[in-house]
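Me: I'm new to this structure and would like a close look at a single part of it. Could you take the salt bridges and walk me through them?

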Amino acid sequence: MLAFIGRRILIAIPTIILISVFVFTLQHLLPGDPILVLAGEERDPEVIEFLREKYRLNDPIPIQYLAWVGNALQGDLGISLRTNQPVLELIGEKLPVTLQLATMALIIAMVIGIPAGVLSAYKKGTWIDWVAHVVALSGLSVPNFWLGIMMILLVSVQLGWLPASGYQPFADDPLQSIKTMLMPAFVLGTAIAATLMRHTRSAMLSVLKSDYIRTARAKGLAERVVLVKHALRNALVPIVTVTTLIFGELLAGAVLTEQIFTIPGFGKLVVDAVFNRDYAVVQGIVLCTGIAFIFMNLLADVAQRILNPRMRDK
């Protein structure tokens, strides 16, 4: 297993380099000057030139890239042009917020999607299967921004059950923090629940046709035992893989939901950084997101091998 993990890490290195080159190059080709944005209306030429030298923006792009990579390898992702804070410190402040939102969204998706997928496969061709299909298709079709706005109007404005926006750190007030995050997590988790439901249904349908399931039923085992202990356990391999990859996507894909509910996570940080041409922050966030996604991919492969011993010999 350690050799497998080592090989996967070696394969990940060129991917990370490619991501960093792509992001760095593309961002510097975009129109707009970050120093002019920073200087505002009062643009003193001497100050502008000083800032360009300070942030090495007068250097050729390849030199800027090599300098950035050299610093990144030492744990320095640069300084934000807007706040003058280290980028790593900014990411450290926002990451727990997005992690909490992504974790809650994934839990909601799993609670809804996996049982619905199991039930849909077990009751294939019945009205329950059709209802699950319709709900899953609706979950995938309804845009998150529309659902978020509708929930704010209904749940917060009309009924007053949950706060419409804002964020409360979990360490300060766990209950209020969960109440604040519940609605955005539900909005984010809806589409994921539909995806999980479809993958779970496919995996369960494949397993339920297996010979060992017929053998288990022939031995007189209770249907609940056959379904949960024998079928679901073996169907978990693809489900765990999909779930792990979805979590990686959630970290990067929560931008719109965070904007709608005014949550100070990665989403707000990314949007502000892009509009302010804050290169260092955007580069740092994209690099960290790419590494997180590769790590989740590796975690999915390791989980597959743990759940399915036959894959360890491949």
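Reply: Let's start with D211, which counts as exposed because its relative accessibility is 54%, and the cut-off for exposed is over 50%. Keep in mind that this is a predicted model. The side chain of D211 meets that of R214 in a salt bridge, with N and O 2.3 Å apart. Both D211 and R214 sit in helix α9, which covers residues 211–218, and they are 3 residues apart, about one turn of the helix. R214 has a relative accessible area of 48%, so it is partly exposed.

Why would two such side chains get together? Side chains of opposite charge can pair when their charged atoms come close.

Another one joins E223 to R217, and here the closest N and O atoms are 2.6 Å apart. E223 is partly exposed, because its relative accessible area is 28%. R217 is partly exposed too, with a relative accessible area of 35%.

Then there's R201, which forms a salt bridge with D129, their closest N and O atoms being 2.9 Å apart. Are R201 and D129 buried or exposed? Both are buried, whereas D211, back where we started, is exposed.

Definitions and conventions. Residues are numbered from 1 along each chain as its sequence is written. This is a predicted model: local features need pLDDT of at least 70, side-chain atom pairs count only at pLDDT 80 or more; totals for chains, interfaces and linings use all residues. Side-chain values use heavy atoms; hydrogens and water are left out. A salt bridge is a side-chain nitrogen of Lys or Arg within 4 Å of a carboxyl oxygen of Asp or Glu. Buried means under 20% relative accessible area, exposed over 50%, partly exposed in between (1.4 Å probe, protein chains only). Helices (H or I, at least four residues) and strands (E, at least two) are DSSP runs, numbered from the N terminus.
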